[in-house]
Amino acid sequence: MMQSRNPLMLGCLGLLIAPFFSACAFRSGNTEQYIGPVLFRYAMPPNNNAYVSQIVRLGPSAEAGISWGVAMGMSERITVAPVIAATRQKEQTANSSHWLMPLSFSQTPAAGEWNFSLLYLCVEREPGSFFLSRTITGVEIVFGEEANALTVGFAHRTLFTPPDNAISSLHFENARPLESQATVWLDVPEHGNLPDSLLKEITK
Amino acid sequence: MRIPIRPKIYLGLLISLMFILLLEGCQNVLGFSTATKFGLDISQRPDQTIDVSMGYDRTEVASIPAPKDDDANESADGTDKANTDAYSVLGTFVVSYGNPFLDQPLVLDQFFATGMAARKAARNPELQKFFGEAAGKIATKNATSTQPEGDQ
């Protein structure tokens with residue numbers, strides 16, 4: 001009798017314990033989904049001059065979507081998405097960013113402070129990020145758009161991909177990622193006055 | 001009924017998948033990347049060969065896509081090449097970093113105009129002044145750093 005119950009009990013126990021020891025991420029387009037425990041914080045306008053997210057995972061973790069890989073140790077991923085500035089031709093674009101923890105008591109995490117998601121976290125962002133910082137302390141193998149690497153030890157990589165036909169500005173400090181500043185100007189006049197925000201940027 | 005497992009087939013599939021994923025990472029886009037590595041690292045950046053490092057390594061890479069080199073006046077899609085952008089980039093890129101395990105963070109300051117925006121920026125007097133001053137600062141800094149000690 002015990003032999004027939006053990007696998008079921010172990011399976012249930014495993015399902016209960018699994019989220020504490022592993023986190024899986026699925027990223028596609030502007031949506032990110034995390035299953036399992038993740039520590040995260042984020043910032044967005046109007047309090048900040050960029051859309052910033054910082055996600056930390058501990059222990060074994062896996063990712064799929066735009067990059068595929070597995071990691072063991074502490075992995076941190078920071079993304080910065082720009083604010084689209086107003087120009088003479090266009091108004092400032094109203095961007096959006098949604099952080100949801102539908103399986104938690106507080107479904108909407110607070111901005112600007114550390115949050116913990118135990119089971120499921122969903123992030124929807126627009127526009128896509130143009131700066132990425134990935135840090136691994138441990139072992140990681142990853143393939144895809146973000147990195148192609150096998151690491152044993154420590155690795156910190158950043159990738160900045162400015163958009164085409166635009167002026168982009170980025171200030172990033174690893175110790176204070178939430179204070180990052182990122183702006184994109186899409187329509188730059190060839191002659192005449194520059195937008196105020198761009199003038200401010202180049203004269204500071 | 002048990003299906004016999006063939007390890008060679010699985011290994012082949014795994015290698016093929018890894019190769020496809022590696023190719024997926026080789027995109028021809030404008031990008032600026034930095035990396036700090038400590039330990040064993042085998043990595044491959046877009047349009048670069050595979051890099052193997054053991055111990056400490058630090059890299060900064062700028063990858064700018066080059067246009068296809070042909071002498072025809074018209075591009076493949078029939079548009080006049082004179083009015084299409086080869087790929088213009090104007091920018092300043094400032095990186096400062098120290099020991100990542102101490103309180104010496106990585107600081108990045110980047111300002112870039114790309115594509116047609118770079119062409120327009122090159123003709124704009126205010127942006128000309130900004131990029132000119134930035135280039136002047138870099139030239140002065142380089143001249144000072146290469147000057148022998150005692151000459152200053």
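Modeller: With a definition: two strands pair if DSSP finds at least two bridges between them. Note that the model is predicted.

Biologist: How many bridges join strand E12 of chain A to E4(B)?
Modeller: E12 of chain A covers residues 167–173. Pairing takes at least two bridges. E12 of chain A and E4(B) run antiparallel, and the bridges joining them number 7.

Biologist: Which residue in E4(B) is the bridge partner of A:Glu173?
Modeller: E4(B) spans 107–114. The bridge partner of A:Glu173 in E4(B) is B:Val107.

Biologist: Which element gives the most to the side of chain B that touches chain A?
Modeller: The contact takes 38 residues from chain A and 43 from chain B. On the chain B side, the elements giving two or more residues are helices H1 (7–24), H2 (115–123) and H3 (125–146), plus strands E1 (31–44) and E4 (107–114). With 14 residues, the top contributor is E1(B).

Biologist: Within chain B, which element gives the largest share of the side of domain 1 that touches domain 2?
Modeller: The assignment for chain B gives domain 1 as 29–65 and domain 2 as 80–144. Their contact takes 7 residues from domain 1 and 7 residues from domain 2. The domain 1 side divides into 4 nonpolar, 2 polar and 1 charged. Its largest share, 3 residues, comes from E1(B).

Key
Residues numbered from 1 in each chain as written. Chains lettered and ligands numbered in written order. Predicted model: local features only at pLDDT ≥ 70, side-chain atom pairs only at ≥ 80, totals over all residues. Contact = placed C-beta atoms within 7 Å. Helix = DSSP H or I, 4+ residues; strand = E, 2+ residues; numbered from the N terminus. Domains from an automatic or database assignment. Nonpolar A, V, L, I, M, F, W, Y, C, P; charged D, E, K, R; others polar.
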